[in-house]
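Here is a short tour for anyone meeting this structure for the first time. Have a look at the model, then read on.

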Amino acid sequence: MTAASKPGDVLVTTAWVDEHRHDPNLRIVESDEDVLLYDVGHIEGAVKIDWHTDLQDSVVRDYIGRRAFEELCNSKGIANDTTVVFYGDKSNWWACYAFWVFKLYGHANCLVMDGGRKRWELDGRPWAKGPEPPYPPTKYQAKEPDLSIRAFRDEVLEHQAAQKPLIDVRSPGEFTGQMLHMPDYPQEGALRGGHIPGAVNIPWSRAVRDDGTFKSPQELEQLYCGEARLRRDSETIVAYCRIGERSSHTWFALKYLLSFDHVKNYDGSWTEWGNLVGVPIAKGP
Amino acid sequence: MPDRMPDRDAPGVQQRLAELIDDFGEADVRERQQMLLDFARRELPLPERLRADRDAAADRAEHRIDECMTPVFLWVEVNDGRVEIYADVSPEGPTARGFVALLIDAFTGATPAEVLAAPADLIQQLRLPEALGMNRMRGLHAIYHRVRRQVGELAR
């Protein structure tokens, strides 16, 4: 796919980012699973937004509020009309998560650099070291959270009861409920294993190639519409995983690469569902 | 390359851990991250005899820490009554790599009893949850408990 070749394309290549990284209205954002990775090396000019320490509230289990999101954008030099390009480690897993939070607060122009850190490295492009570059502060105005992309517990209970489509993007072991916690090791996830009844299991990583880039639209179509039997005309599709991060990657693939209009990420995910009293759970494949 | 044969008799493990806990405890969050990054930049020597293990699928699975997002491979040995830890961790996983290097620094050459006497909540005492985020502790706990469990088994 050529980078941003037509309106609506949100996937750009490393070459496109390399070429445009000095554009004044562009801000490159690195979001990694590993909080120290930006310091090992990053794209010159990129800022760092951490999914955990920046995007999540430190007390309540929730994302940062609207005001805190505005302050975050102000501090990173991101204005309402800035085009933000996300990239990161692990096939852009966390980049998609940050992308989702930006969409939650209504940021218009968001792109993802296909392949993330891995593709940049494989292409032999340079890494910059040193601290985060400062940018002039902005006066960001966030919108009210867009709840058309976020599902909450009670909504998912109704969704499940109505036998509407659910996609579980965890590993098969987590889906079947066979994953056992290690001896001497605290079980930090959920009190029950298994999945939400009716969910199909397509591990998130099946959407990407070895080099971290997304598979072709045809391959993704086969995976999600063929194998998982998801339909674009569904009223709503709910994606979930353990804490809502892997499912934001699948949410991105469905919504932006396959043009599904009605996909929600259930960020409570298994760490909420698997701890709720009395909710239905299925085990096995 | 000959296997690394550490011969650290002094300072003892308790003292070394106490120093690390002091250093990390006095640092602010940013400094603590930098200290872990310094550990992550260290070489992790992997003896020739273990490289085949690393490259063979079955052995890879046995030595891999599944809870870590980044591939982390650990070999824990007790030779002549002294603990040796070897590891293979990608530079793309500096958090796990730094923590593994810290454990190698603290435990290499120790007796099994010394390793087992180390605090079970070492990760908390180093104040890593505040520096890295609570949600990132899962992999580090798995590494720490794997090391201690294997040392315990080998000492029997």
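## A helix and its cover

Let's start inside chain B: the buried residues of helix 2 of chain B are covered by, among others, helix 1 (13–26), helix 5 (94–107) and helix 8 of chain B. Helices here are DSSP runs of H or I with at least four residues, strands are runs of E with at least two, and both are numbered from the N terminus. "Buried" means that 20 or more other C-beta atoms lie within 10 Å of a residue's own, "exposed" means 12 or fewer, and "partly exposed" is in between, with C-beta atoms placed from the backbone. This is a predicted model, where local features need pLDDT of at least 70 and side-chain atom pairs count only at pLDDT 80 or more, while totals for chains, interfaces and linings use all residues. Residues are numbered from 1 along each chain as its sequence is written, and chains are lettered from A and ligands numbered from 1 in the order in which they are written.

Helix 2 of chain B covers residues 29–40, twelve in total, and goes 17 Å from first C-alpha to last, close to the expected 16 Å. That expected span is 1.5 Å times one less than the number of residues. Its buried residues are R32(B), Q33(B), L36(B) and A40(B). They sit on the same side of helix 2 of chain B because they cover an arc of only 100° around the axis, the arc being that of the directions from the helix axis to the C-beta atoms. On the face turned away from that buried side you'll find the exposed residues R30(B) and D38(B).

## The two chains

Chain B is built from nine helices and two strands, in the order α-α-α-α-β-β-α-α-α-α-α from the N terminus. Its radius of gyration is 15 Å, close to the 15 Å that the globule rule gives for 156 residues, so chain B is as compact as a globular protein of that length. The radius is taken over C-alpha atoms, and the rule is 2.2 Å times the number of residues to the power 0.38. Of the 156 residues of chain B, 36% count as buried.

Chain A brings ten helices and nine strands. Its radius of gyration, 19 Å, agrees with a value near 19 Å for a compact globule of 285 residues. Buried residues make up 44% of chain A.

Which residues touch the most other members of the largest nonpolar core? Of its 68 residues, they are V85(A), A98(A) and V112(A). Such a core is a set of buried Ala, Val, Leu, Ile, Met, Phe, Trp, Tyr and Cys residues joined through C-beta atoms within 7 Å. Helix 4 (residues 93–104) of chain A gives the largest share of this core, eleven residues. Apart from it lies another core of 42 residues, including L17(B), I85(B), L103(B) and L132(B).

## Where the chains meet

The contact takes 17 residues from chain A and 21 from chain B; two residues are in contact if their C-beta atoms, placed from the backbone, lie within 7 Å.

Now look at R136(B), in the loop between helix 8 (128–132) and helix 9 (137–155) of chain B. Is R136(B) buried or exposed? R136(B) is buried, with 21 other C-beta atoms within 10 Å. Not counting residues up to four places away in sequence, R136(B) touches V35(A), H52(A) and T95(B).
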